Amino acid sequence: MKEFAYIYSEEETNYRFSDIHPFNPIRLDLTVSLLETMGALKDVDCIAPRRATDEELRLVHDADYIQAVKLAGQGELTPMKAQMYGLGTEDTPVFPDMHEGAALLVGGTIEACELVLSGRYKRTFHIAGGLHHGFRGRASGFCIYNDTAVAMAAMIEKYACRILYVDTDAHHGDGVQWAFYNRSDAMTLSLHETGRYLFPGTGMVTERGSEEGYGFSWNIPFDAFTEDASFLLAYRTALFEACELFQPDLIITQNGADAHALDPLTHLSLTMKSYEQIPQIAVEAANRYTKGRIVALGGGGYDWYRVVPRAWSQVFAALTNRAPFSGDLPKDWIERWTKQSTTVPTTWADQMPLYPSIPRRPEIEEKNWETVKRLLWPFVDDVKKEQLSDVSPYSID
């Protein structure tokens, strides 16, 4: 078994709504070029994704919806019909060959999971994956197909495995949650900004699953302006408790970078400190509970230059057994992208302070911790902060 592979092809950048749309594949170019410039990709296997078949897509999506996506991508779906399927909206506009572009992302995530569960690799990273808002018969939130849900359904069908899905995107991982809400062979854990202020408006702590799936849907909705320490404490606590309860065979992480304080679409206040530690803690959980088996995906993140490439490179670092990257960013990378933007960062760490002091910090932290305890009380007798010292070597000071 090899340690690690990443799934990527320049063809994946064809999933492009427009040059001004927030979900811009330049994020992939920025991240891959940063890792290339550092020499980090030199001895690492890169595997091109394949396009998901219609049969695979139908594990999660309705056949008539798949047909509608195909017709829309060929300019053959009327605007009224498109609206019925969540297509042609401001969030998810139609673009040429959209079925082919979206199906490739789904196939990449299927491949990432297959490589791990077949025993060929211990860890994989599909940087273009993580489109977690797609529903059975409707596009939503920049997501046409739900690559994660399709891949999970395919792997459970083939390997009869138990999969824990962990989502740290600022937006609730609604599409994945609802796809498995009444099932006991998958567990979803989403940590996100409260839906009181942010799309999609779901992800309350009371959304616990139904029927056989009751107790296997976990949500931690954070108050606006949540900072690193509060987020990481909740994440660390919930992740290890979920693993202890569910005993997964595979962990899949969605690594949206839009909870960062600089992200233009959200209201959380994380810094790169969180994005250094989130994947390191996930790998630690995988080493403890799944014999190291973990699949990482990309996701959201709309400050293209300053945040996403650094955050996703830290995922790569954790998956390849590196400590978090630190110090200055490569000069060649900075010079290349400075020609396109005045916001290119120069160091791995953020230049502090990123934002004014938050006067409600104690209130926010207490409210978030109460949310964690409310989530866990049916499963854990007594959750105390001081009991967490053995969970991870990474400080949250």
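Phe 225 lies in the loop between strand E6 and helix H8 (228-246), where helices (H or I, at least four residues) and strands (E, at least two) are DSSP runs numbered from the N terminus. The structure is a predicted model, in which local features need pLDDT of at least 70 and side-chain atom pairs count only at pLDDT 80 or more, while totals for chains, interfaces and linings use all residues. Residues are numbered from 1 along each chain as its sequence is written, and side-chain values use heavy atoms, with hydrogens and water left out.

The backbone of Phe 225 has a phi near 75°, a positive value in a residue other than glycine. Phe 225 is partly exposed, with a relative accessible area of 42%; here buried means under 20% relative accessible area, exposed means over 50%, and partly exposed lies in between (1.4 Å probe, protein chains only). A positive phi is also found at Asp 97, where the value is near 55°. Asp 97 is placed in the loop between helix H4 (79-84) and helix H5 (98-117), and is partly exposed at 39% relative accessible area.

Two cis peptide bonds involve proline. The bond from Phe 199 to Pro 200 is cis, with omega near 5°, and Pro 200 belongs to the loop between E5 and strand E6 (217-222). The bond from Met 352 to Pro 353 is likewise cis, with omega near -5°. Pro 353 is found in the loop between helix H11 (331-338) and helix H12 (361-376).

Charged side chains were examined next. The structure holds 17 salt bridges, a salt bridge being a side-chain nitrogen of Lys or Arg within 4 Å of a carboxyl oxygen of Asp or Glu. One of them joins Lys 70 to Asp 54, with the closest N and O atoms 2.5 Å apart. Lys 70 lies in helix H3 (residues 63-73) and Asp 54 in helix H2 (residues 54-57), so this pair ties together parts that are 16 residues apart in sequence. Lys 70 is partly exposed, with a relative accessible area of 26%, and for Asp 54, also partly exposed, the value is 26%.

In another salt bridge, the side chains of Arg 50 and Glu 56 meet at 2.7 Å, N to O. Arg 50 is partly exposed, at 32% relative accessible area, whereas Glu 56 is buried, at 17%. The side chains of Asp 303 and Arg 306 form a further salt bridge, at 2.6 Å from N to O. In this pair Asp 303 is buried, with a relative accessible area of 7%, and Arg 306 counts as partly exposed at 28%. Salt bridges that share partners also join Arg 196, Asp 223, Arg 360, Glu 363 and Lys 367 into one network.

Glu 193, in strand E5 (residues 186-193), presents a contrasting case. Glu 193 is buried yet has no salt bridge, and the nearest side chain of opposite charge, that of Arg 196, is 8.6 Å away. For this assignment, Lys and Arg count as positive and Asp and Glu as negative, while His and the chain ends are not counted. The side chain of Glu 193 does make a polar contact with the side chain of His 267, at 2.6 Å. A polar contact is a pair of N or O atoms within 3.5 Å; within protein, one must be able to donate a hydrogen and the other to accept it, and residues adjacent in sequence count only if both atoms are side-chain atoms.

A search of the whole structure finds four cavities of 30 Å³ or more. On a 1 Å grid over the protein atoms alone, a cavity is a set of points where a 1.4 Å probe fits but cannot get out, and lining residues have an atom within 4 Å of a point. Grid points are joined across faces, edges and corners, and a volume is the space filled by probe spheres set on the points.

The largest cavity has a volume of about 80 Å³. Of its 15 lining residues, the closest to the centre are Thr 253, Asn 255, Ile 278, Pro 279 and Ala 282. Strand E7 (250-254), helix H9 (272-289), strand E8 (294-297) and helix H10 (308-319) each give two or more residues to this lining, and H9 gives the most, with four. The second largest cavity holds about 60 Å³ of space. Its lining consists of Glu 12, Tyr 15, Phe 23, Pro 25, Arg 27, Leu 28, Leu 105 and Ala 128.

Key: On a 1 Å grid over the protein atoms alone, a cavity is a set of points where a 1.4 Å probe fits but cannot get out, and a pocket is an open set with protein on both sides within 12 Å along at least five of seven lines; lining residues have an atom within 4 Å of a point.
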